[in-house]
Amino acid sequence: QVQLVESGGGLVQPGGSLRLSCAASGSIKRISAMGWYRQAPGKQRELVARIRSESSTDYTDSVKGRFTISRDNAKNTVYLQMNSLKPEDTAVYYCNVIATVSYTGSYWGQGTQVTVSS
């Protein structure tokens, strides 16, 4: 019903930058929120950043001032600009979309690896 395609992960040195993208497609009537979660080895999945339909945003404390979430409503795409990356940002990053097709549901991307290492 809703397909999510993520891109932009990779290996970067500490202090570097990466930009993640997630494009949603399908018979979408409305997107309520788009966000990014991450899961490091041995840890629970956590919310990184979220942007709602009215463009309000939430960030986990550890990324405030370094990460910026944005969305292109015309393309149903959400971006995560990650600057000043730290080794502790290393994780698999998952896109999440709250969208209405025939009902409102939560949809997940396949995940993209971000590794911050020298």
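Cysteine 22 and cysteine 95 are both buried, where buried means under 20% relative accessible area, exposed over 50% and partly exposed in between, with a 1.4 Å probe and protein chains only. Cysteine 22 lies in strand S3 and cysteine 95 in strand S9, so the pair ties together parts that are 73 residues apart in sequence; strands (E, at least two residues) are DSSP runs numbered from the N terminus. The torsion about the S-S bond is about -80°, so the disulfide is left-handed.

The model is predicted: local features need pLDDT of at least 70 and side-chain atom pairs count only at pLDDT 80 or more, while totals for chains, interfaces and linings use all residues. Residues are numbered from 1 along each chain as its sequence is written, and side-chain values use heavy atoms, with hydrogens and water left out.

Glutamate 6, in strand S1 (residues 2-7), is in contact with both cysteines, and its other contacts beyond four places in sequence include Trp36, Tyr93, Gln110 and Thr112; contact means heavy atoms within 4.5 Å. Glutamate 6 is buried yet has no salt bridge, and the nearest side chain of opposite charge, arginine 45, is 8.0 Å away. A polar atom of the glutamate 6 side chain does, however, lie 2.7 Å from the backbone nitrogen of cysteine 95, and a polar atom of that side chain lies 3.3 Å from the backbone nitrogen of threonine 112.

The largest nonpolar core has 31 residues, and those with the most contacts inside it are Trp36, Leu80, Met82 and Tyr93; such a core is a set of buried Ala, Val, Leu, Ile, Met, Phe, Trp, Tyr and Cys residues joined through side-chain atoms within 4.5 Å. Among the elements that give two or more residues to this core are S1, strand S4 (30-39), strand S8 (77-82) and strand S11 (112-116), whereas S9 gives the most, with five residues. Methionine 82 touches Leu18, Leu20, Phe67, Tyr93 and Val114, among others, when residues up to four places away in sequence are not counted.

Tyrosine 79, found in strand S8, counts as buried at 14% relative accessibility. Its contacts, again without residues up to four places away, include Arg19, Trp36, Ile69 and Asp72. Tyrosine 79 and cysteine 95 are 16 residues apart in sequence and 9.4 Å apart in space, C-alpha to C-alpha.

A search of the whole structure finds six salt bridges, a salt bridge being a side-chain nitrogen of Lys or Arg within 4 Å of a carboxyl oxygen of Asp or Glu. Three of these pairs are set out here.

| Pair | N to O distance |
|---|---|
| Arginine 38 and aspartate 89 | 3.0 Å |
| Arginine 50 and aspartate 58 | 3.2 Å |
| Arginine 52 and aspartate 58 | 2.4 Å |

Arginine 38 in strand S4 and aspartate 89 in the loop between S8 and S9 are 51 residues apart, and their pairing links distant parts of the chain. By contrast, aspartate 58 is partly exposed, with a relative accessible area of 23%; arginine 50 counts as partly exposed at 26% relative accessibility, and arginine 52 counts as partly exposed at 26%.

Conventions. Helix = DSSP H or I, 4+ residues; strand = E, 2+ residues; numbered from the N terminus. Lys, Arg positive; Asp, Glu negative; His and termini not counted. Polar contact = N/O pair within 3.5 Å; in protein donor to acceptor, adjacent residues only side chain to side chain. Disulfide = S-S within 2.5 Å.
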